[in-house]
Amino acid sequence: MQRCSGVVILALLLSACGYIPFSSSELDGVVTPIPQTWSSIAEADIIQLETRPADPYSVNLWVLGMHGYLYVYAGDNRAKWVDHIDANPNVRLGHAGKIYELTATQVDDDAEFNLFAQGWASKYGNLPRNMNLAEVYLFRLTPRA
């Protein structure tokens, strides 16, 4: 019973902070054309990212907008959604009832990662925990071709 109570308390604390890391299935919303600028979405703390189109899997993630792109970051945690992107880079981003169809590309450029890290620190108040690009999962989201 104590363990169950602890899980409930943790869930309530996380939801009060606006971050609920639980996974779900297909996103609800209206598929929307890509906006000319991502500024309103980049200002959001949390977005929803759906992976694995054949069997949708979605997660709530922090997002960073930078130089006309959106970025999602798993740190050095090889999460399920990272595995799904490796298998199929087509993702859907959900925010404010709208869904955007995108492609996720893993960042492999140190200069881009360093710019991301500085933007992350400005937005969220701290640098990413692991600054070794070879050990982390950072994805740039772009419109599908």
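Which residue in β7 does G75 stand opposite? I looked, and found Y137 there.

**Ground rules.** I am working from a predicted model, so I keep in mind that local features need pLDDT of at least 70, side-chain atom pairs count only at pLDDT 80 or more, and totals for chains, interfaces and linings use all residues. Numbering starts from 1 along each chain as its sequence is written, and side-chain values use heavy atoms, with hydrogens and water left out.

**Confidence.** I checked pLDDT (the predictor's confidence in each residue, from 0 to 100). The mean for the protein chain is 87, and 84% of its residues reach 70 or more. Over residues 4-21 pLDDT stays under 50, and the model has 10 contacts for them beyond four places in sequence; a contact is heavy atoms within 4.5 Å. Where pLDDT is low, predicted coordinates should not be read in detail.

**Strand β7.** Helices (H or I, at least four residues) and strands (E, at least two) are DSSP runs, numbered from the N terminus. Pairing needs at least two DSSP bridges between two strands. I find β7 antiparallel to β4, with 5 bridges joining them. β6 also pairs with β7 in the antiparallel sense, over 5 bridges, and there L102 has P143 as its bridge partner in β7. I then looked at burial: buried is under 20% relative accessible area, exposed over 50%, partly exposed in between (1.4 Å probe, protein chains only). In β7, 6 of its 7 residues are buried.

**Cores.** A nonpolar core here is a set of buried Ala, Val, Leu, Ile, Met, Phe, Trp, Tyr and Cys residues joined through side-chain atoms within 4.5 Å. The largest one has 24 residues, and L49, W81 and L141 have the most contacts inside it. At least two residues each come from α2 (39-43), β2 (46-51), β3 (57-66), β4 (69-75), α3 (80-87), β5 (90-95), β6 (98-106) and β7 (137-143). β3 gives the largest share, 4 residues. I noted another core lying apart from it, of 12 residues, including L64, F113, V136 and L138. Leaving out residues up to four places away in sequence, I listed what L141 touches: L49, Y69, L70, V72, V91, L93, L102, T103 and A104.

**Helix α3.** W81, V82, H84 and I85 are buried in α3. Down the helix axis, the buried residues of α3 fall within an arc of 160°, so they line one face; the arc is that of the directions from the axis to the C-beta atoms. They pack against β2, β3, β4, β5, β6 and β7. On the face turned away from the buried side I see exposed K80 and A87.

**T32.** I found T32 in the loop between β1 (30-31) and α2. T32 is buried, with a relative accessible area of 19%. Its side chain reaches the backbone oxygen of V30 at 2.8 Å. T32 also touches K98, I99 and Y100, not counting residues up to four places away in sequence.

**Positive phi.** Most residues other than glycine have a negative phi. I flagged R52, not a glycine, with a positive phi of about 55°. R52 sits in the loop between β2 and β3 and is partly exposed, at 29% relative accessibility. I also flagged H67, likewise not glycine, with a positive phi near 50°. H67 lies in the loop between β3 and β4 and counts as exposed, at 62% relative accessibility.

Terms used:
Polar contact = N/O pair within 3.5 Å; in protein donor to acceptor, adjacent residues only side chain to side chain.
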